[in-house]
Every structure is written in structure tokens, then in C-alpha cells.
Amino acid sequence: MNSFAARSWRRRGGLGCGWAAACAVVLLAGCNSMAPINPPIEHVDKARGYRVSNLLKHRKARSNDIPTLFVLTFSGGGTRAAAFSYGVLEELRRTNVLVHGTPRNLLSEVDLMTGVSGGSFTALAYALYGDRLFSEYESRFLKRDVQGALTSRTLNPANWFKLASADYGRSELAADYYDEILFGGATFDDLLTKPTPVAAVTGTDLSTGARFQFSQDHFDLLCSDLGKVRLARAAATSSAVPVVLSPVTYRNYGGHCGAVMPAWVRDVTDPVSRARPSGRALLRYQDMQAFEDSANRPYLHVVDGGVADNLGLRGVIEALEEVEASQAYQKEIDFRIIRRIVVIVVNSRSAPATNWDRSPRAPGIISQALQSSSVPIDHFSYESVELLNDIAQRWADARRLEIAEKRLAGMSRAQAEAEVPDLRFDAIDVSFDSISDAQERRYFMELPTSFVLSEEAVDKLRALAGRLLRESPGYRDLIDTVERSTAPASAPAQRAARER
């Protein structure tokens, strides 16, 4: 027994009557030790449920600037990631723009937030609470010793019976705690009528390494109802660091409810006319088939989303390539109304310094294990950002080529440009790597990946996120172009709107 456990044991009075009371509590708690079960569905209804594509359509029709798809991706990294992503939300909320002559803050223009691990808490909490989050998130989550509370609950004998069961692990205990302090038992059904951006958080299927997305489109593959899944359990799944926390288990009923594959599947799987690019789409299709195989996979064990994608960006990249490869899919999701895509990648990657290369002695086993897992994740994250930039460049090049072909056919430049819609793609990276001062950059890179930080560190992360976003040339250009593209015809009207 370690010293912390021993002190906890003594505080509870050792063996005596305190232990007897604890036993009674454990026996009573055993009645509620079952983990929640995601319920099955008999038939897929594409018009219902927390579906990212449907919710985006409704959001565009209901409120904000329709031609622009505005996406935020929040990386993993414990409280560090939660605070850094929250700082981006705060800066967007402080940034006022004119949209069709009406003053709005830029946060109201965001359509989609993706989140992984620590970033999933910010995405889900903002989707649930909206502006209320800005008066509560610090005290309820960011400046709370979440890690200490989870450790204390794990060591509490009252929870040992539950934790010893096959279907209630440390992550289930964490989910119950997250409900107490932040989510209040809310489910994905509770998000359906919210005017806030769509939140798409992910875990990782431990068996295959595939992304496990909390969207009804994904849960159709399992023939299960996402709407009844608690937000706290989704956050616990997305942050279930292997070994430290237990996998979260979901029932798989797939293959029996008439799930329909999206339109892009036909275009990327046809061996004769296979569309390109389709490599990532084909891999995703194989993952989808594996999720439907409930006969061989009746239980899915899901861990931290950062194992598959620590930026929350892979799903965005896959969707863009699926759109690029399939005109049928473009029509299915009404993609052709989009004239601009903005993706702000909020990356709180850390890189603690080591002195390994100064010593003839190799690092220890634990250090080797941690480095062996973090290096591939960091490299894949870097490549994901580059892939996003490559897609943006490829789309711009394709438009220029199409315009050139029409001009060769005899069209004027104005005619050709009018016939080829301009789809602008902006990728804005907000990360510690862009900090110019080496000492300041090292401070943030050294912050631990844990669910407890000092209040000072939380405040510094929030302030840094806002500053880096403001300093980004892409962000400044975004503000200018949003106002230009939605400006009223009359300049006086624009000035009057700004003064209101």
C-alpha cells in the first residue's frame, strides 16, 4: 500500500467500526454498480437524432452566415487543453463583426466544434450551456482539482465493490463525477434544441484504432440511440487515457437496423471508377464495416480519442476528402451552398524538455513507454495540419485550372470566374509553437497533461489563446472578409450598424 493510501486508511479509522461502516456502504453501493448501457434501436431514422450533418443544415438555416462553414477543433491535453480551447472561445466572443449590417460576436458564427480528451469538455460544455459557460466553467471545472478528486474516489473503500465489477471501471467513476460538477446528467438529446454550435467529440476503438464519434450517424452503425448517452460519459470516454483510466464499454447491436452508408461510399469503393482522393475514405469505410459486425464484436471498448487523433481534426479531413471525391455526397449534405470554410485548429501540444541525449544511460522503462506513445501522436498531429493546408491548396489549384480551361474554350475571365464558384478555405493554427519568446514557449510546453493546474496557469493559458488568435494573420483576414462579404450595399447603413 502506498503512503497516500495508508494515510487515507488511517483517516478512515483503520479496521474497527469505521471499516464495518464502509463495508455496509460498499454492499449497498453494489446494487448500483452496473455501467449504463447504450440502448438499441430497431430502425434507423435519418431525420432524427444528434446528427452532425443535419444539425449543421438546421443551424445554417436558422441563424448565422450561410455561405461560411466555421469549424473549431480542440486538441487533447487535460486541463491544459480545456483552458486553452476555452481561451479561444473567450476571444471569439470578444470579437465583434458586422454580419449583413448587424453587429455580432464571432463566436455566434461558429458552426461546429470537434473535441478530443481535454478539449472535449470545452466543446460539450459550451454546446450545453452557451454563454452561461463564461460565468461558470472556471469554478466548476478549470480551477478545480479534478485529478485529486478522482484519485480520492478511487481510493475510497465505498467505491471498491463497484470498481471491482466487470462493467464499472475508473472511467465510469470519472463520468459520474463529471456529471456532479459540470454536466448535470445531460444527454445528447438535451443538445438537439440548443442554438449553440454542434459538438462532435471522439474516442478510439481499442481493438482497431478507429475513431469512435459521438454522432447518431456513427451510432447507426451500432444500431444504438446516442440521444440517451450522457455527455459526461462521452467526455470520460474521450479522455480515458489507456492504463491510467479504464476503457469505456459500449454495446454493439449493429447490422440489424437498416443503417445506410453515406453517398460517398459508392464513389470511393467502385473498383472501375474509383474517385480520388479516396485513401482515407476507404479506410474509414473499412472501420464502419467493422463497427457493424456485432456478431463478432458485441462489445466495443473505447479509450482516449487522442490515440487516433489528438487534434480532433481527422474527421474534418476525412469529410473534406469525401466531399472532394463524391458529387453525390456534396448534394446529400447541401455542400454546394458553402463558399468559405474556416478551420481554427487549437493545439495545446506539450513537449517537456529532457536531458536524455546528454547521458550515456538510456531513459527508464516508463520514460520510454511515454515517449513511444507521444512521439507518433505528435507527428500525426503535425501531418494532420499539413494535410488540411494541402487540401486548401489543392482546391485553389483545381479552381484555377478549371477557369483556365474555360478561358481556352473562349470565355472571358469574368465569365469563367462566374461559372466556377469560388470556395475559399482558411486554416488557422493556434498553438504553443507560434509563441515567439523561447522562455515563454518553454513555460507552456512544460505544463503537465493532467486534470489539475494552478489558477495562475489556467489564466495564462486563456490569455495566451486570445493573444495568439489576435496575432494570427489568418484571423485578422477572417474578420475583414466576413464584414466585406456580408456588408450592406450602403456604407452609411454599415456605419450606423457599427455604432448601434
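A: In this predicted model, the largest nonpolar core comprises 122 residues, and Leu 92, Phe 183 and Ile 344 have the most contacts inside it. Helix α5 gives the most to this core, with 8 residues.

Leaving aside neighbours within four places in sequence, Phe 183 is in contact with Phe 121, Leu 124, Ala 125, Leu 128, Tyr 129, Tyr 178, Leu 231, Ala 232 and Ala 235. Helix α5 spans residues 118-129 and α9 spans residues 170-183, while α11 covers residues 231-238.

Because 8 of its 8 residues are buried, α11 is largely enclosed by the rest of the structure. The buried residues are Leu 231, Ala 232, Arg 233, Ala 234, Ala 235, Ala 236, Thr 237 and Ser 238. The elements that cover them include the helices α5 and α9, together with the strands β4 (112-116), β5 (198-205), β7 and β8 (299-304).

The chain beyond this helix can be followed to Val 244, which lies in the loop between α11 and β7 (248-251). Val 244 has a relative accessibility of 56%; it therefore counts as exposed, the threshold being over 50%. Val 244 and Arg 170 are 74 residues apart in sequence, yet their C-alpha atoms are 8.5 Å apart in space.

Glu 91 is placed in helix α4, which runs over residues 78-94. Its relative accessible area is 5%, and Glu 91 is therefore buried, the limit being under 20%. The side chain of Glu 91 is joined to that of Arg 470 by a polar contact of 2.8 Å. Apart from neighbours within four places in sequence, the residues in contact with Glu 91 are Gly 466, Leu 469, Arg 470 and Tyr 475.

The confidence of the prediction should be kept in view. The mean pLDDT of the protein is 83, and 82% of its residues reach 70 or more. Among the elements, helix α6 (residues 137-142) has the highest mean pLDDT, 98, whereas helix α1 (residues 3-11) has the lowest, 37. Over residues 1-31 the pLDDT stays under 50, and the model has 27 contacts beyond four places in sequence for this stretch. Residues 490-500 likewise have a pLDDT below 50, with 11 contacts in the model beyond near neighbours in sequence.

Technical notes: Residues numbered from 1 in each chain as written. Predicted model: local features only at pLDDT ≥ 70, side-chain atom pairs only at ≥ 80, totals over all residues. Heavy atoms only, no water. Helix = DSSP H or I, 4+ residues; strand = E, 2+ residues; numbered from the N terminus. Buried < 20%, exposed > 50% of the residue type's maximum accessible area, 1.4 Å probe, protein only. Polar contact = N/O pair within 3.5 Å; in protein donor to acceptor, adjacent residues only side chain to side chain. Contact = heavy atoms within 4.5 Å. pLDDT = per-residue confidence, 0-100. Core = buried A, V, L, I, M, F, W, Y, C linked by side-chain atoms within 4.5 Å.
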